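Dear colleague,

I am passing on the structure we spoke about, and my notes on it follow below. Please read them with the structure open beside you.

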Amino acid sequence: MARRPNSSKQTDALLIALLSERGRWRHGYDLGRETGLKSGTLYPILMRLDAQGWLESRWEDEPAPGKPRRHLYRLSPAGADEAMTLLEQRRPEAAVSLLAADEGGVA
Amino acid sequence: MSIDPRGGWMQRFAIALCPPGDRRWLRALLAEAGEAQGVGARAIWIAGAGGIVASAIGARVASAVPAWLRFALVTAPAAAVTLRLLAYFDYGALRLDDDIFLAGSLAMAGACCALCALAARAVFGRAGGAID
């Protein structure tokens with residue numbers, strides 16, 4: 001039987017990290033540190049989410065002096081909705097705390 | 001320590017080997033390697049980048065190189081080595097002169113070079129596949 005897309009624990013961890021600061025642009029190393037994912041796991045997930053239209057990405061405008069520009073990521077509005085729906089099914093406790101944090105941030 | 005923003009020749013070569021659509025991801029991975037604190041963390045990050053390059057190249061080769069050529073790329077070197085070993089050990093069961101094995105081995109080595117050139121042309125000769 002084929003696996004459902006975006007149904008791994010690693011994808012869940014990444015989606016939770018991206019949803020926890022929804023509008024903020026994050027770079028890959030930062031996401032890797034937060035989720036504990038290594039680059040070889042993190043980037044294929046980012047690539048897949050990007051191909052599915054769940055992710056927005058852009059290059060950093062002003063890199064730190066002497067450092068290359070970093071690639072930044074955040075969930076697209078449609079991707080955030082899809083991710084939240086997915087988490088509500090798979091990780092309800094995480095979805096509830098994300099929603100609570102969201103409402104707290106809005107209030 | 002930060003990675004050279006212009007990228008070394010190895011980075012540029014690795015990026016060029018990737019399909020055009022995957023290059024920005026590899027650039028992003030390499031740019032972020034400079035964020036890793038410590039040699040071990042950086043090495044793990046770069047190893048992940050290496051894995052992504054390997055899978056991207058594998059997919060690129062699989063899509064660009066026809067099955068017969070992939071088969072020949074595996075069998076021709078094996079045949080060249082086998083024939084060279086037969087010549088070296090003066091194998092006599094086939095009642096053939098070892099010079100024939102040697103000549104066959106050289107022919108197979110030449111075929112390997114030609115097959116590699118064909119494969120490289122199939123992979124990099126496509127639009128957007130040139131080394132940038």
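The side chains of Asp12(A) and Arg90(A) form a salt bridge with an N to O distance of 2.8 Å, the term being used here for a side-chain nitrogen of Lys or Arg within 4 Å of a carboxyl oxygen of Asp or Glu. Because Asp12(A) sits in helix H1 (residues 9-20) of chain A and Arg90(A) in helix H4 (residues 77-90) of chain A, the pair ties together parts that are 78 residues apart in sequence; helices here are DSSP runs of H or I with at least four residues, strands are E runs of at least two, and both are numbered from the N terminus. Asp12(A) counts as buried at 1% relative accessibility, whereas Arg90(A), at 33%, counts as partly exposed (buried is under 20% relative accessible area, exposed over 50%, partly exposed in between, with a 1.4 Å probe and protein chains only).

Please bear in mind that this is a predicted model, in which local features need pLDDT of at least 70 and side-chain atom pairs count only at pLDDT 80 or more, while totals for chains, interfaces and linings use all residues. Residues are numbered from 1 along each chain as its sequence is written, chains are lettered from A and ligands numbered from 1 in the order in which they are written, and side-chain values use heavy atoms, leaving out hydrogens and water.

Over all chains the count comes to eleven salt bridges. Arg70(A) and Glu60(A) are joined by one of 2.7 Å, N to O, and both residues lie in the loop between strand E2 (55-59) and strand E3 (71-75) of chain A, ten residues apart. Arg70(A) is buried at 18% relative accessibility, as is Glu60(A) at 12%. Elsewhere, Glu21(A), Arg24(A), Arg26(A), Asp30(A) and Glu34(A) are linked in a network of salt bridges.

Turning to the two chains together, 21 residues of chain B are in contact with 21 residues of chain A (contact means heavy atoms within 4.5 Å). One salt bridge is counted between these chains, and it joins Asp50(A) to Arg24(B) at 2.5 Å, N to O. On the side of chain B that touches chain A, H2(B) gives the most, with seven residues.

The largest nonpolar core has 40 residues, and those with the most contacts inside it are Tyr43(A), Leu46(A) and Leu26(B); such a core is a set of buried Ala, Val, Leu, Ile, Met, Phe, Trp, Tyr and Cys residues joined through side-chain atoms within 4.5 Å. Its largest share, six residues, comes from helix H3 (residues 39-51) of chain A.

With best wishes
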